[in-house]
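Please walk through the structure shown below, moving from its side-chain pairings to its overall layout.

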Amino acid sequence: MLRKALARLRIVGVLALAGALAACASSRGYRGGGGARYAGLECVPFARELSGIALYGDAADWWDGAASRYARSEQPAIGGVLVFRRSGRLPEGHVSVVSRLLGARQIA
């Protein structure tokens with residue numbers, strides 16, 4: 001219960017990663033499947049369901065959408081949402097929910 005409450009209060013900052021991530025679709029026109037999947041969900045609906053954060057649209061828009069609605073930070077926190085900005089490889093951005101802090105520069 002505490003994790004869920006914390007998740008609703010936190011959204012984690014934008015980080016640039018040099019990794020290979022599959023493109024993540026927006027929640028517009030969501031029909032399930034495609035993009036980054038987990039149990040048939042793309043990253044946006046999955047992160048929204050798991051975190052309880054009520055944001056919609058492309059993943060990359062979540063950072064700006066969280067302004068004045070949710071606390072934002074550049075430090076990852078368990079239950080927070082990591083927002084990746086748009087790039088050539090991620091035209092709609094990407095979001096993921098932080099489940100563990102493994103070290104100063106690693107999360108899971």
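Aromatic pairs number zero in this structure, which is a predicted model. An aromatic ring does take part in another kind of arrangement: Arg72 sits over the face of Trp63, 4.3 Å from the ring centre.

Charged side chains come next. Searching the whole structure gives two salt bridges. One joins the side chains of Asp58 and Arg86, with N to O at 2.8 Å. The two partners belong to distant parts of the chain, 28 residues apart: Asp58 is in the loop between helix H2 (43-51) and helix H3 (62-66), and Arg86 is in the loop between strand E3 (81-84) and strand E4 (94-97). In the other salt bridge, Arg86 pairs with Asp61, and the closest N and O atoms are 3.1 Å apart. This pair also links distant parts of the chain, since Asp61 lies in the loop between H2 and H3 and Arg86 in the loop between E3 and E4, 25 residues apart. Taken together, Asp58, Asp61 and Arg86 form a network of salt bridges.

Asp61 has a relative accessible area of 35% and is partly exposed. Arg86 is partly exposed too, at 40%.

The loop between E3 and E4 also holds Leu90. Leu90 has a relative accessible area of 8%, so this residue is buried. Along the chain, Leu90 and Ala59 are 31 residues apart, and their C-alpha atoms are separated by 9.6 Å.

Another loop deserves a look for its backbone. Which residue lies in the loop between H3 and strand E2 (71-73)? Ser68 lies there, and its phi is near 65°, a positive value in a residue other than glycine. In general, most residues other than glycine have a negative phi. Ser68 has a relative accessible area of 82%, and because exposed means over 50%, Ser68 counts as exposed.

The view can now widen to the whole chain. The protein chain contains three helices and six strands. Read from the N terminus, the order of its elements is α-β-α-α-β-β-β-β-β. Of the 108 residues in the protein chain, 36% are buried. Among contacts in the protein chain with a separation of 6 or more, 54% are between residues 24 or more positions apart.

Methods
Residues numbered from 1 in each chain as written. Predicted model: local features only at pLDDT ≥ 70, side-chain atom pairs only at ≥ 80, totals over all residues. Heavy atoms only, no water. Salt bridge = Lys/Arg side-chain N within 4 Å of Asp/Glu carboxyl O. Helix = DSSP H or I, 4+ residues; strand = E, 2+ residues; numbered from the N terminus. Buried < 20%, exposed > 50% of the residue type's maximum accessible area, 1.4 Å probe, protein only. Contact = heavy atoms within 4.5 Å. Phe/Tyr/Trp six-rings, centres within 6.5 Å; stacked < 30°, edge-to-face > 60°. Lys NZ or Arg CZ within 6 Å of the ring centre and 35° of its normal.
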